[in-house]
Amino acid sequence: MQKKLSTLPFKGTPKQKALLDEVIEQNKHDKSRLMAVVQEAQEIYGYLPIEVQSMIAEGMDVPL
């Protein structure tokens, strides 16, 4: 049986996605900024669901 990561449905808005995309774009060429991106994502969404973590990993070209 596979463990479920979250019981909360992800309800990100297009505005939140645009903000996160902007943060990732500004920082994607400097992997040392990963934690700063994660912190900004947490401010944008209020928490860090796996969907947001995946967007960051893909955008920053780092493993999830």
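## Helix axes and angles

Helix axes here are lines fitted to C-alpha atoms over the stretch in contact, and angles run from 0 to 180 degrees between N-to-C directions. Two packed helices are described by the angle between their axes and the distance between the axes.

## Overall build

This is a predicted model. The protein has three helices and zero strands. Along the sequence the pattern reads α-α-α. Its C-alpha trace spans about 40 × 25 × 15 Å along the principal axes.

Of the 64 residues, 25% count as buried. Among contacts with a separation of 6 or more, 57% link residues 24 or more positions apart.

## α1 against α3

Helix α1 covers residues 14-27. Its axis and that of α3 come within 9 Å and cross at roughly 30 degrees. Angles under 35 degrees count as roughly parallel. The helices α1 and α3 are therefore roughly parallel to each other. Their crossing is right-handed.

On the α1 side, Lys 17, Leu 20, Ile 24 and Asn 27 make the contact.

## α2 against α3

Helix α2 spans residues 34-45, and helix α3 spans residues 50-60. Their axes come within 11 Å and cross at roughly 145 degrees. This crossing, too, is right-handed.

From α2, the contact uses Leu 34, Val 37, Val 38, Ala 41 and Tyr 45. From α3, it uses Val 52, Met 55, Ile 56 and Met 60. The class count is nine nonpolar, no polar and no charged residues.

## The nonpolar core

The largest nonpolar core has eleven residues. They are Leu 20, Val 23, Ile 24, Val 37, Val 38, Ala 41, Ile 44, Tyr 45, Val 52, Ile 56 and Met 60. Each of α1, α2 and α3 supplies at least two residues of this core. The largest share, five residues, comes from α2.

Ile 56 is one of the core residues. Leaving aside residues up to four places away in sequence, Ile 56 touches Leu 20, Ile 24, Leu 34, Val 37, Val 38 and Ala 41.

Terms used. Residues are numbered from 1 along each chain as its sequence is written. This is a predicted model: local features need pLDDT of at least 70, side-chain atom pairs count only at pLDDT 80 or more; totals for chains, interfaces and linings use all residues. Side-chain values use heavy atoms; hydrogens and water are left out. Helices (H or I, at least four residues) and strands (E, at least two) are DSSP runs, numbered from the N terminus. A crossing is left-handed if the near helix is turned anticlockwise from the far one by less than a right angle, and right-handed if clockwise. Contact means heavy atoms within 4.5 Å. Ala, Val, Leu, Ile, Met, Phe, Trp, Tyr, Cys and Pro count as nonpolar, Asp, Glu, Lys and Arg as charged, and the others, Gly among them, as polar. Angles under 35 degrees count as roughly parallel, over 145 as roughly antiparallel, 65 to 115 as roughly perpendicular and the rest as oblique. A nonpolar core is a set of buried Ala, Val, Leu, Ile, Met, Phe, Trp, Tyr and Cys residues joined through side-chain atoms within 4.5 Å. Buried means under 20% relative accessible area, exposed over 50%, partly exposed in between (1.4 Å probe, protein chains only).
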